[in-house]
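Got a few "how do you know?" questions about this model? Let's go through them one at a time.

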Amino acid sequence: MTRAQQTISVGLLVTSLYLALYLQLIPLPSLVQTEIVPYLPFWSLVSFGAYLLFRLGWNVMTFNDVPKAHKELMAEIELAKADLRRLGVEVD
């Protein structure tokens with residue numbers, strides 16, 4: 001099973017579960033059904049976004065812990081600076 005198939009399978013499973021909750025096929029107390037279930041997609045989207053921002057910040061913070069990637073990026077920066085200087089652009 002490929003990564004795309006796994007992702008689609010998990011997405012369909014979560015969507016099916018949410019629709020079962022939203023359409024009241026799974027019995028829940030009325031307070032939960034009216035106050036929580038309609039907002040679950042928004043909560044999950046915000047939580048996923050917060051998780052991705054945390055991962056991005058963590059990877060930026062620990063970037064120097066990956067010496068090979070750091071050296072590669074610095075070499076690309078020097079290459080871009082040399083190319084810009086060749087084109088007549090003043091670079092620091």
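**Asking the model to show its work**

Q: Which residues line the largest pocket?
A: Val14, Thr15, Leu17, Tyr18, Leu21, Leu40, Pro41, Ser44, Leu45 and Phe48 do. H1 and H3 are the elements giving two or more residues to that lining. Keep in mind that this is a predicted model: local features need pLDDT of at least 70 and side-chain atom pairs pLDDT 80 or more, while totals for chains, interfaces and linings use all residues. Residues are numbered from 1 along each chain as its sequence is written, and side-chain values use heavy atoms, with hydrogens and water left out.

Q: What makes something a pocket, and what makes a residue part of its lining?
A: Picture a 1 Å grid over the protein atoms alone: a pocket is an open set of points with protein on both sides within 12 Å along at least five of seven lines, whereas a cavity is a set where a 1.4 Å probe fits but cannot get out. A lining residue has an atom within 4 Å of a point. The volume of the largest pocket is about 340 Å³, where volume is the space filled by probe spheres set on the points, which are joined across faces, edges and corners.

Q: Why does the end-to-end distance of helix H1 agree with its number of residues?
A: A helix here is a DSSP run (H or I, at least four residues), numbered from the N terminus. The expected span is 1.5 Å times one less than the number of residues. H1 covers residues 3–22, 20 residues in total, so it should span 28 Å; its end C-alpha atoms are 28 Å apart, and that agrees.

Q: Why is glutamine 33 called buried?
A: Buried means under 20% relative accessible area, exposed means over 50%, and partly exposed is in between (1.4 Å probe, protein chains only). Glutamine 33 has 9%, so it counts as buried. You'll find it in helix H2, residues 30–35.

Q: What about glutamine 24: buried or exposed?
A: Exposed, because its relative accessibility is 56%. Glutamine 24 is in the loop between H1 and H2, and has a positive phi of about 60 degrees although it is not a glycine. Most residues other than glycine have a negative phi.

Q: How many salt bridges does the structure hold, and what makes a pair count?
A: One. A salt bridge is a side-chain nitrogen of Lys or Arg within 4 Å of a carboxyl oxygen of Asp or Glu. The side chains of aspartate 83 and arginine 86 meet at 2.5 Å, N to O. Both are in H4, three residues apart, about one turn of the helix. An α-helix has 3.6 residues a turn, so residues three or four places apart point the same way. With 34%, aspartate 83 is partly exposed, while arginine 86, with 62%, is exposed.
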